[in-house]
Amino acid sequence: NNPISPISGQRVGAPLNPRHTFDNFVVGPSNSFAHAAALAVVEAPGRAYNPMFIHGGTGLGKTHLIQAMGEAVLKRGKGTVCYTTCETFTNEFIQALQQHELAAFRKKYRHIDLLLIDDIHFLGGKESTQEEFFHTFNHLQAGGKQVVLSSDRRPHALLTMEERLRSRFAGGIEVDVSQPDFETRVAILQSKAIQLQMAVDMEVLKVIAERIVSNIRDMAGALNNLHLKAQLL
């Protein structure tokens, strides 16, 4: 199933969130290096930094960043893009084993130009899936194709992962996305409010940014909740 993207290029795997673009990504001290590296990869997929490994806590923008990379590559017509989660990759592999469809599974994941996998730490402890992903990774890298991975830990902290995989994950560029500072949190809330077409006082945004410090997703959820209540009440 290789649907043509409405933008340009070709997409396989899960759809990309249309709001997860570089234009909507707020850059601050906590993510500036990761953002710069992502832009460099988009300019030269498979050549600049391969693989790219993004790590950081939950809800800090890793998914937004890697999906923005996929959207940018599609828009520029630089090849076939596949975005998926590690859990989906694992489930599809198990299904392929059960239904004797490994050839189709391998064709899907080994004939693309940019592979984006979220939450690669989910692969820990799954020996057969690790073996399959090892060969998929090698096939793509040997062909000059780009691999981008996200995780909640650094490569060498993935202790339930095979050493050969950890070594390969650390062999490209490793970037972290950390908790944003107060100013960046306020800027993120401003961006979210614009997307929601929500007129909101700056002092309200500051209160949310002061009270929710560790998770951008929770912060955005609080703003969405306020937006809903303002509409309904």
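This is a predicted model: local features need pLDDT of at least 70, side-chain atom pairs count only at pLDDT 80 or more; totals for chains, interfaces and linings use all residues.
Residues are numbered from 1 along each chain as its sequence is written, and side-chain values use heavy atoms, with hydrogens and water left out. Local features need pLDDT of at least 70 and side-chain atom pairs count at pLDDT 80 or more, while totals for chains, interfaces and linings use all residues.

**Exercise 1. Gln-130**

Task: Find the element that holds Gln-130, decide whether the residue is buried or exposed, and list what it contacts.

Solution: 
- Step 1. Locate it. Gln-130 sits in helix α5, residues 127-142. Helices are DSSP runs of H or I with at least four residues, strands are runs of E with at least two, and both are numbered from the N terminus.
- Step 2. Check accessibility. Gln-130 is buried because its relative accessibility is 1%. Buried means under 20% relative accessible area, exposed over 50%, and partly exposed in between, with a 1.4 Å probe and protein chains only.
- Step 3. A polar atom of the Gln-130 side chain lies 3.1 Å from the backbone oxygen of Leu-123. A polar contact is a pair of N or O atoms within 3.5 Å; within protein, one must be able to donate a hydrogen and the other to accept it, and residues adjacent in sequence count only if both atoms are side-chain atoms.
- Step 4. List the contacts (heavy atoms within 4.5 Å). Beyond neighbours within four places in sequence, Gln-130 contacts Leu-123, Gly-124, Gly-125, Thr-160, Met-161, Glu-162 and Leu-165.

**Exercise 2. His-55**

Task: Which side chain forms a polar contact with that of His-55?

Solution: 
- Step 1. His-55 belongs to strand β2, residues 52-56.
- Step 2. Classify it. His-55 counts as buried, since its relative accessibility is 12%.
- Step 3. Name the partner. The side chains of His-55 and Glu-174 are joined by a polar contact of 3.3 Å.
- Step 4. Widen the view. Leaving out residues up to four places away in sequence, His-55 also touches others, including Lys-62, Ser-151, Arg-153 and Arg-154.

**Exercise 3. Asn-31**

Task: How many residues apart in sequence are Asn-31 and Pro-180, and how far apart in space?

Solution: 
- Step 1. Asn-31 is in the loop between β1 (10-13) and α1 (32-43).
- Step 2. Asn-31 is buried because its relative accessible area is 4%.
- Step 3. Asn-31 and Pro-180 are 149 residues apart in sequence, yet their C-alpha atoms are 7.7 Å apart.
- Step 4. A polar atom of the Asn-31 side chain lies 2.8 Å from the backbone nitrogen of Gly-28.

**Exercise 4. Backbone checks**

Task: Which peptide bond is cis, and what is the phi of His-100 and of Gln-197?

Solution: 
- Step 1. The bond from Asn-50 to Pro-51 is cis, with omega near 0°. Pro-51 lies in the loop between α1 and β2.
- Step 2. His-100 is not a glycine, yet its phi is positive, about 55°. His-100 lies in the loop between α3 (86-98) and α4 (102-110). His-100 is exposed, because its relative accessible area is 75%.
- Step 3. Gln-197 is not a glycine either, and its phi is positive at about 55°. Gln-197 lies in the loop between α7 and α8 (202-211). Gln-197 counts as exposed, at 75% relative accessibility.

**Exercise 5. Helix α2**

Solution: 
- Step 1. Gly-77 follows α2 and has a positive phi, near 65°.

**Exercise 6. The largest pocket**

Task: Which residues lie nearest the centre of the largest pocket, and which elements give two or more residues to its lining?

Solution: 
- Step 1. The largest pocket has 28 lining residues, and His-20, His-64, Lys-192, Ile-216 and Arg-217 lie nearest its centre.
- Step 2. Two or more lining residues come from each of α2 (62-75), α7 (182-195) and α9 (216-232).
- Step 3. A pocket is an open set of points on a 1 Å grid over the protein atoms alone, where a 1.4 Å probe fits, with protein on both sides within 12 Å along at least five of seven lines; lining residues have an atom within 4 Å of a point.
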